[in-house]
Amino acid sequence: MSNTGSHHLSFFESVNRNFDRAAAHTTIPKGLLEQIKVCNAVYEVTFPVKIGNQYQVIEAYRVQHSHHRLPTKGGIRFSHLVNRDEVMALAALMSYKCALVDVPFGGAKGGVKISPRKYTEAQLEKITRRYTTELIRKNFIGPGLDVPAPDYGTGSREMAWILDTYLTFNHGEIDAAACVTGKPENQSGIRGRTEATGRGVYYGVRQFLSYPEDCKAIGLTPGIAGKTMVIQGLGNVGSYSGMISQEEGDAVVIAVSEIEGTIYSEKGINIDKLVKFRKERGTIIGFPGTKTLPNREDWVSLECDILVPAALENQITTDNAKKVKAKIIAEAANGPVTSEAADILTKKGIVILPDMYLNAGGVTVSYFEWLKNLSHMRFGRMEKRYQENSLRNLVATLERLTGQNLGVKEKDILTHGADEVDLVRSGLEDTMVNAYDQIREIYKRKKGIEDLRSAAFVVALNKISGDYVRLGIFP
Ligand code: NAD
């Protein structure tokens, strides 16, 4: 039961309910399923910080869900709602996510129970550094042990503090930069990480919409262009999901919901401009060309093609699932649809693109960042010029043979050698396309699998159990 004492399942129970349902479609032995399901290590810590003249006790967690591959990997969340069950659920999702997209890590997650808005930057730095120190003390952080990343309430700024704290305690460790990902680009980060989760959401939705028969089954035409989208949460994931779907896919974002309310415009809302507007004014309300809906929760019941919950878990529950009118729910957040609510939606014929797949772009590019840190070199550094020179020679030869000359712009496009960001996007796109096709394959092939989430679980569970079986279990 949840911490609130209501009849709803807790987040971790909800994840495990989905797990059990999918596990029935595998031949994995019962004991092994149990081992995959449990959290291997749960670290719960309280530590003091001094804020002004006051002492404050902070509650924090780091959960390593699965040690079948190391390091473990997962974001750190700063939120006043953080609790043990939530961090366990998020860590478990990380294991399944990593397996699904072939990122060779176990799953983990961290949480600090604070409301970041209530602290100054200096105070947040203090809390982040102390939390990192607690992780170091217990060997819960390190390039080969456990590698955090950003999540709700944290970003590249916090990751830089974590790195610096780790470096202080591990002076001279050559691979230290790989102890955390999502770092600023000029602090051993990688180009394309900030937008990665949202970009992955775009690739995932686009891939679903690329199969005409699957679109037809829910009354949609193929392709993302012109599809209407409603987004909850204009943070890292929500803003880039919307922006990239708009700019690269020609989707139309008709509504955005944030803490302060929900805005709507039939004609579409420019997300790039909205993000700037919110930064200046501290609210999305009053954005030119939009109207504010009476209730913040109205985003759930809007008529649209794609509903994108990108804020927090448990947003679509048995209480409001019946109101959903979208054709597709794109789970950009982790656990936004409860397991029981999903039953209602699936019965209504609504397709859910599951979190463990759809938001895996973040961990995928985090993996690229980790690899970059271990190789101590920017991707593309060795081959970019070589590629460009080869392409230039090719173009010159073609011009000579045909007697025709290309324009400067055309030539630039044709002879562009891949930069780091080009390679990151290419690797991300490939990962999202392949993972979706693996899920779809199982979904179409295995009788009795009701939804894409169960299919995604089957893919992930088979990969993880394969690791255990091949490695054997010590002693
Ligand atoms: P974020 O802190 O950048 O943004 C979250 C936004 O949601 C904030 O702007 C917040 O004000 C808003 N919000 C909170 N409650 C809301 C409500 N009730 N209604 C409307 N808006 C609300 O966080 P994020 O990094 O974008 O993460 C969002 C979700 O995506 C989380 O579930 C997280 O676990 C998941 N996720 C994040 C990443 C990543 O790389 N950051 C990767 C995978 C999954």
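**Reading a predicted model: terms and values**

Modeller: Within helix 9 (residues 271–281), the buried residues are I271, L274, F277 and R278. They span an arc of only 115° around the axis, so they lie on the same side of helix 9. The arc is taken from the directions that lead from the helix axis to the C-beta atoms. This is a predicted model, in which local features need pLDDT of at least 70 and side-chain atom pairs count only at pLDDT 80 or more, while totals for chains, interfaces and linings use all residues. Residues are numbered from 1 along each chain as its sequence is written, and side-chain values use heavy atoms, without hydrogens and water.

Colleague: Which residues are exposed on the other side of helix 9?

Modeller: K273, K279 and E280 are exposed there. The terms rest on relative accessible area with a 1.4 Å probe and protein chains only: buried is under 20%, exposed is over 50%, and partly exposed lies in between. Helices are DSSP runs of H or I with at least four residues, strands are runs of E with at least two, and both are numbered from the N terminus.

Colleague: What joins the side chains of E313 and R77?

Modeller: A polar contact of 3.0 Å joins them. The term requires a pair of N or O atoms within 3.5 Å; within protein, one must be able to donate a hydrogen and the other to accept it, and residues adjacent in sequence count only if both atoms are side-chain atoms.

Colleague: How far is an oxygen atom of the ligand from an N or O atom in the side chain of R77?

Modeller: That distance is 2.9 Å. For the side chain of T197, an N or O atom is 2.8 Å from a ligand oxygen. The ligand taken alone exposes 820 Å², of which the protein buries 90%; accessible areas come from the Shrake-Rupley method, with a 1.4 Å probe, and for residues only the protein chains shown count as cover.

Colleague: Of the 24 residues around the ligand, which come nearest?

Modeller: D151, T197, V237, E258 and N334 come nearest of the 24. A residue is near a molecule or strand if one of its heavy atoms lies within 4 Å of it. Helix 8 (236–247) and strand 7 each supply at least two residues of this shell.

Colleague: How do you know that strand 6 and strand 7 pair?

Modeller: Strand 6 (residues 228–232) and strand 7 (residues 252–258) share 5 bridges in the parallel sense, and two strands pair if DSSP finds at least two bridges between them. I231 stands opposite V256 in strand 7.

Colleague: In what order do the 7 strands of the open sheet stand?

Modeller: The order is 9-8-7-6-10-11-12, with mixed pairing. Strand 9 (291–292) and strand 12 (351–353) are the edge strands, since each pairs on one side only.
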